[in-house]
Amino acid sequence: RDSMKTCPYVKSCGGCQKLLYPYEKQLQQKQSDIEKLMAPYGKCAPILGMEEPYNYRNKAIATFAPAGKGKFTLGIYAKNSHHVVPIKDCLIQDESLNQVMESVAAAAAECHLPAYDEDRHSGLLRHVVLRSSRKTGEVLCTIVTSQPNFPGSSNFVKALRKRSPQVSTVVQNINPAKTSAVLSPYFKVLYGSGYIVDELCGLQFSLSSRSFYQVNPTQTEKLYRKAIEMAELNGTESVLDTYCGIG
């Protein structure tokens with residue numbers, strides 16, 4: 001496999017911290033760190049890494065920021081700042097999400113929707129949250145606005161789906177608060193069902209905008225199957241799930 005790809009945003013984006021190192025080196029460092037932490041308690045098995053550690057993430061979040069003269073930037077906050085770095089092709093996000101993110105920006109520009117200015121507390125569009133289904137290929141798009149009124153929302157949905165028909169549902173999240181939190185408790189379905197369906201370990205899950213769901217489905221299945229294997233269950237036990245974010 002290609003053990004290292006170059007990310008043009010790695011020094012400015014506040015997301016990934018280790019993409020400057022080959023994946024094999026990343027695993028070696030993590031193995032060393034966990035062995036030091038767990039040394040008083042026992043030996044550690046080798047880390048089960050990914051075959052292809054790119055474009056796996058099934059969730060993407062981006063922020064709108066004014067760019068002057070009615071334009072905006074859509075991207076990710078730079079490290080330790082509120083400066084938004086425009087990201088066109090993230091190496092860890094599902095490639096479909098990268099394409100949909102470009103469509104969101106194009107549709108918003110086509111509809112002349114203003115970005116939210118967090119200093120002046122004016123404007124409409126704050127964030128966009130995307131989720132993809134590995135099973136169906138469908139994408140859930142959540143648009144975070146600063147107010148309930150979303151003028152031209154139907155035109156935005158049409159423009160978005162024309163560019164990215166895999167977007168099967170669009171949801172508006174209304175977040176007027178002066179906060180760094182992306183989502184508020186207030187949602188409105190603009191198109192579709194408001195959720196997508198994915199499959200993990202043979203089970204189906206309905207995913208809404210606020211659902212907790214592991215962002216790396218490939219490694220999640222590997223982790224869950226390894227946990228089941230190590231539990232050595234024979235079918236007669238009662239199993240207690242003491243923490244669960246979905247279901």
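Helices (H or I, at least four residues) and strands (E, at least two) are taken here as DSSP runs, numbered from the N terminus. Colleagues, the model before you is predicted: local features need pLDDT of at least 70, side-chain atom pairs count only at pLDDT 80 or more, and totals for chains, interfaces and linings use all residues. Residues are numbered from 1 along each chain as its sequence is written, and side-chain values use heavy atoms, with hydrogens and water left out.

Let me start with the overall layout. The protein contains four helices and nine strands, and along the sequence they follow the pattern α-β-β-β-α-β-β-α-β-β-β-β-α. Its C-alpha atoms fill a box of roughly 60 × 45 × 35 Å along the principal axes. Of the 247 residues, 38% are buried, where buried means under 20% relative accessible area, exposed over 50%, and partly exposed in between, with a 1.4 Å probe and protein chains only.

Seven strands form an open sheet with mixed pairing, in the order 3-2-1-4-5-6-7; two strands are said to pair if DSSP finds at least two bridges between them. Strand 3 (84-86) and strand 7 (187-191) are the edge strands, each pairing on one side only. From one strand to the next, the twist averages 35°. Axes here are lines fitted to C-alpha atoms, for helices over the stretch in contact, and angles run from 0 to 180 degrees between N-to-C directions.

Why is strand 4 described as largely enclosed by the rest of the structure? Eight of the eight residues of this strand, residues 125-132, are buried, and therefore the description applies. Strand 1 (residues 59-68) runs antiparallel to strand 4 and is joined to it by five bridges; I61 stands opposite V129 of strand 4. Strand 4 also pairs with strand 5 (residues 139-145), in the antiparallel sense over seven bridges, and S132 has V139 in strand 5 as its bridge partner. The hairpin of these two strands has six residues between them, and G137 there takes a positive phi near 80°.

Strand 5 in turn pairs with strand 6 (residues 167-174) in the parallel sense, over seven bridges, with T142 opposite V171 in strand 6.

Finally, the helix packing. Helix 2 (residues 95-110) lies across strand 1, strand 2 (71-77), strand 4, strand 5 and strand 6, and runs at about 150° to strand 4. Contact means heavy atoms within 4.5 Å. Among contacts between residues at least 6 apart in sequence, 59% join residues at least 24 apart.
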